[in-house]
Amino acid sequence: MNLRAVRAIYTFEMARTARTLVQSIVSPVISTSLYFVVFGSAIGSRISEVDGIAYGSFIVPGLIMLTLITQSVANASFGIYFPKFTGTIFELLSAPVSPFEAVLGFVGAAATKSVVLGLIILATAEIFVPIEIRHPVWMLVFLVLTSLSFSLLGFIIGIWADGFEKLQLVPLLIITPLTFLGGTFYSINMLPPLWQTITLFNPVVYLVSGFRWSFYGIADVSVELSIAATFLFLVICLAIVAWMFRTGYKLKR
């Protein structure tokens, strides 16, 4: 493995985060803090507890997952799209760098940013509400797996997109609505039976449920199913990325 190439790509992407610190870190943290203030105060005054957990504390895992998913997709998609836009992607493709090494550098950097951001938001949340983490190891596992999975999805979107409009299309019209409807602010057990069944087709439900279980030991679906769904999504994204590099889809003209 060409570790020097992986390190170069990874370092470049991480340096871009340092150059855009306000956009990459500060802005998501402030936005999430506003969620705590608005939902924790406004809705929390009407819903005192959910499954025995104070509402303000209950929404913490969902809010972290919301930020994690959106930022993973955004960081990875822009990271690979910009070289395509400027034409420097062809220098990368002609260099002695394998597809695996390129993906490792780009996706590794995007996932690292998301994990760091998730931990910062977790620390920020403790300012507003009391938090308990019953399964810290599983919390980190879900944090890393989700960051990797959606960074891969963002990488796929970045390759697929041939304009800045398309780059925002999937996150705005698909990923964000699925995240909001995935149990971020509520338990799916609060829904009518028909909508509970429909919600189970939303893959984000399994991510939020498993992540919330790692905090409070409660889940809308079984933990085993959450882990299996996360791994399945990761494998599907890996397979799509491998196919894109093997066929040169939107990478070679």
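# Salt bridges

The side chains of Lys-166 and Asp-162 meet in a salt bridge, with 3.5 Å from N to O. A salt bridge here is a side-chain nitrogen of Lys or Arg within 4 Å of a carboxyl oxygen of Asp or Glu. This is a predicted model, in which local features need pLDDT of at least 70 and side-chain atom pairs count only at pLDDT 80 or more, while totals for chains, interfaces and linings use all residues. Residues are numbered from 1 along each chain as its sequence is written, and side-chain values use heavy atoms, with hydrogens and water left out.

The structure holds 2 salt bridges. Arg-134 and Glu-132 also pair through their side chains, at 3.2 Å from N to O. How accessible are these residues? Asp-162 is exposed, with a relative accessible area of 54%. Lys-166 is partly exposed at 29%, as are Arg-134 at 47% and Glu-132 at 39%. In these terms, buried means under 20% relative accessible area, exposed means over 50%, and partly exposed lies in between (1.4 Å probe, protein chains only).

# Helix H10

Helix H10 covers residues 203-216. Helices are DSSP runs of H or I with at least four residues, strands are runs of E with at least two, and both are numbered from the N terminus. H10 has 14 residues and reaches 21 Å from its first C-alpha to its last, close to the 20 Å expected at 1.5 Å a residue. The expected span is 1.5 Å times one less than the number of residues.

Of the 14 residues in H10, 13 are buried, so the helix is mostly covered. Asn-202 caps the N-terminal end of H10, where a side-chain oxygen lies 3.0 Å from the backbone nitrogen of Val-204. This is a polar contact, a pair of N or O atoms within 3.5 Å; within protein, one must be able to donate a hydrogen and the other to accept it, and residues adjacent in sequence count only if both atoms are side-chain atoms. Just after H10, Gly-217 takes a positive phi of about 75°.

# A buried arginine

Which charged side chain lies nearest to Arg-212 with opposite charge? Arg-212 is buried yet has no salt bridge, and the nearest side chain of opposite charge, Asp-220, is 4.4 Å away. For charge, Lys and Arg count as positive and Asp and Glu as negative, while His and the chain ends are not counted.

A polar atom of the Arg-212 side chain lies 3.1 Å from the backbone oxygen of Phe-58. Not counting residues up to four places away in sequence, Arg-212 touches several residues, among them Phe-58, Pro-61, Thr-184, Tyr-186 and Asp-220. Contact means heavy atoms within 4.5 Å.

# The nonpolar core

The largest nonpolar core has 66 residues, and those with the most contacts inside it are Val-60, Ile-64, Phe-155, Phe-211 and Phe-215. The largest share of this core, 11 residues, comes from helix H7 (residues 136-160). A nonpolar core is a set of buried Ala, Val, Leu, Ile, Met, Phe, Trp, Tyr and Cys residues joined through side-chain atoms within 4.5 Å.

Leaving aside neighbours within four places in sequence, Ile-64 is in contact with Gly-118, Ile-121, Leu-122, Leu-143, Phe-211 and Phe-215.

# Helix H11

Helix H11 (residues 223-247) has 25 residues and reaches 36 Å from its first C-alpha to its last, close to the 36 Å expected at 1.5 Å a residue. Its buried residues include Val-223, Ile-227, Thr-230, Leu-234, Cys-237 and Val-241. An α-helix has 3.6 residues a turn, so residues three or four places apart point the same way.

The buried residues of H11 pack against helix H5 (89-94), helix H6 (99-128), H7 and H10. H11 is followed by Gly-248, whose phi is positive, near 75°.

# Other residues

Phe-164 lies in helix H8 (residues 164-180) and is partly exposed at 38% relative accessibility. Phe-164 touches Phe-78, Tyr-81 and Phe-85, not counting residues up to four places away in sequence.

Where is Asp-51 found? Asp-51 sits in the loop between strand S1 (49-50) and strand S2 (53-54). The phi of Asp-51 is near 55°, a positive value in a residue other than glycine. Asp-51 is partly exposed, with a relative accessible area of 46%.
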